[in-house]
Amino acid sequence: MIALHYIEEGAPFPPVHTALSEPNGLLAFGADLSPARLFSAYSQGIFPWFSDDEPLLWWSPDPRAIIELDDFIVSKSLKKLARQQKYKVTLNHAFERVIDACSSIPRKRTDGNDMSTETWITDDMMMAYTQLHGLGLAHSVEVWEDDMLVGGLYGVGIGNIFCGESMFHVKSNTSKLAMLSLVQHMKSHNMAFIDCQLPTDHLESLGAKAISRNTFIEKLRINNHTLNDKGELSDEYIERWQAKVITP
């Protein structure tokens with residue numbers, strides 16, 4: 001029988017080193033998706049991941065996948081697309097549209113070539129991250145062809161780190177263009193790395209590498225400068241995520 005921590009309302013998360021090894025990183029269940037809870041989670045290297053028919057599950061896997069900004073791989077086709085200036089890329093212009101697209105875009109099943117619209121981005125998750133965005137902690141990158149949203153991504157900003165959640169595209173390479181734009185934006189603000197959560201072949205093709213959970217937590221601690229001494233978002237953090245055009 002698996003012994004899993006239950007988090008009561010207002011209770012702290014258990015230490016991440018108590019997470020299960022199978023399934024990898026499952027730490028606890030319970031609590032809620034309030035902004036305070038989500039901010040606490042991401043600040044400790046924890047994230048929620050569950051389906052509609054499951055309880056609220058919290059994870060902190062080992063190893064962890066990250067993309068160091070200088071390690072991001074720009075393919076020849078992506079370089080060509082960026083040079084063409086075919087699309088405009090923006091930051092924090094249409095968060096709700098991006099998360100909605102990420103939740104509904106058809107994707108290949110892991111067990112074959114059939115397409116599926118099944119998603120872990122539940123209505124509760126969409127509502128929670130949209131609320132977090134309204135507080136200035138969740139962010140989106142949008143790729144536009146004229147007025148049509150054709151690609152993008154969203155995630156949570158913790159200090160100098162961007163914790164990626166999901167991306168989508170409806171035109172070739174537009175999600176990768178969103179990533180390139182994000183990486184260049186982060187470099188311009190001396191940020192550290194992108195948290196990709198779990199290693200995948202696709203992420204490795206973009207330059208992701210696996211590091212131990214202990215190493216990740218230490219890198220997170222060093223770079224977690226989100227709030228000022230008053231417990232408010234720092235001026236530097238706010239300026240970093242101002243809505244703007246970031247076309248590479």
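Visitor: Which residue stands opposite Tyr154 in strand 11?

Guide: Ser166 in strand 11 stands opposite Tyr154. Keep in mind that this is a predicted model.

Visitor: How many bridges pair strand 10 with strand 11, and in what sense?

Guide: There are 8 bridges, and the sense is antiparallel.

Visitor: What is the order of the strands in the open sheet of 8 strands?

Guide: Read it across the sheet: 13-5-12-11-10-9-6-14. The pairing is mixed. Strand 13 and strand 14 (244–245) are at the edges, with a single partner strand each, so one side of each has no neighbour in the sheet.

Visitor: Which strands does helix 1 lie across?

Guide: Helix 1 lies across strand 10, strand 11 and strand 12. Its direction makes an angle of about 75° with strand 10.

Visitor: Now helix 7. Which of its residues are buried?

Guide: Use the cut-off: buried means under 20% relative accessible area, exposed over 50%. In helix 7 (residues 213–223), the buried residues are Arg213, Phe216, Leu220 and Asn223. Their arc around the axis is only 95°, which puts them on the same side of helix 7.

Visitor: What is exposed on the other side of helix 7?

Guide: Asn214 and Arg221 are exposed there.

Visitor: What covers the buried residues of helix 7?

Guide: The cover includes helix 1 (35–43) and strand 5 (64–68). It also includes strand 10 (148–158), strand 11 (161–169), strand 12 (193–197) and strand 13 (209–211).

Visitor: What lies over the face of Phe216?

Guide: Arg64 lies over that face, 4.2 Å from the ring centre. Another case is Arg37, whose charged end sits over the ring of Phe13, 4.9 Å from the centre.

Visitor: What describes a pair of aromatic rings?

Guide: Two values: the distance of the centres and the angle of the planes.

Visitor: How many aromatic pairs does the count come to?

Guide: The count is 8 aromatic pairs. One of them is tilted: Trp49 and Trp59, at 5.3 Å centre to centre with 55° between the planes. This pair links distant parts of the chain, 10 residues apart. Trp49 is in the loop between strand 3 (47–48) and strand 4 (57–59), and Trp59 is in strand 4.

Visitor: Which residues do ring pairs link into a cluster?

Guide: The cluster is made of Tyr42, Phe95, Tyr129 and Tyr154. That brings us back to Tyr154, the residue opposite Ser166.

Definitions and conventions: Residues numbered from 1 in each chain as written. Predicted model: local features only at pLDDT ≥ 70, side-chain atom pairs only at ≥ 80, totals over all residues. Heavy atoms only, no water. Buried < 20%, exposed > 50% of the residue type's maximum accessible area, 1.4 Å probe, protein only. Helix = DSSP H or I, 4+ residues; strand = E, 2+ residues; numbered from the N terminus. Arc of directions from axis to C-beta. Contact = heavy atoms within 4.5 Å. Pairing = 2+ DSSP bridges. Axes fitted to C-alpha atoms, helices over the stretch in contact; angles between N-to-C directions. Phe/Tyr/Trp six-rings, centres within 6.5 Å; stacked < 30°, edge-to-face > 60°. Lys NZ or Arg CZ within 6 Å of the ring centre and 35° of its normal.
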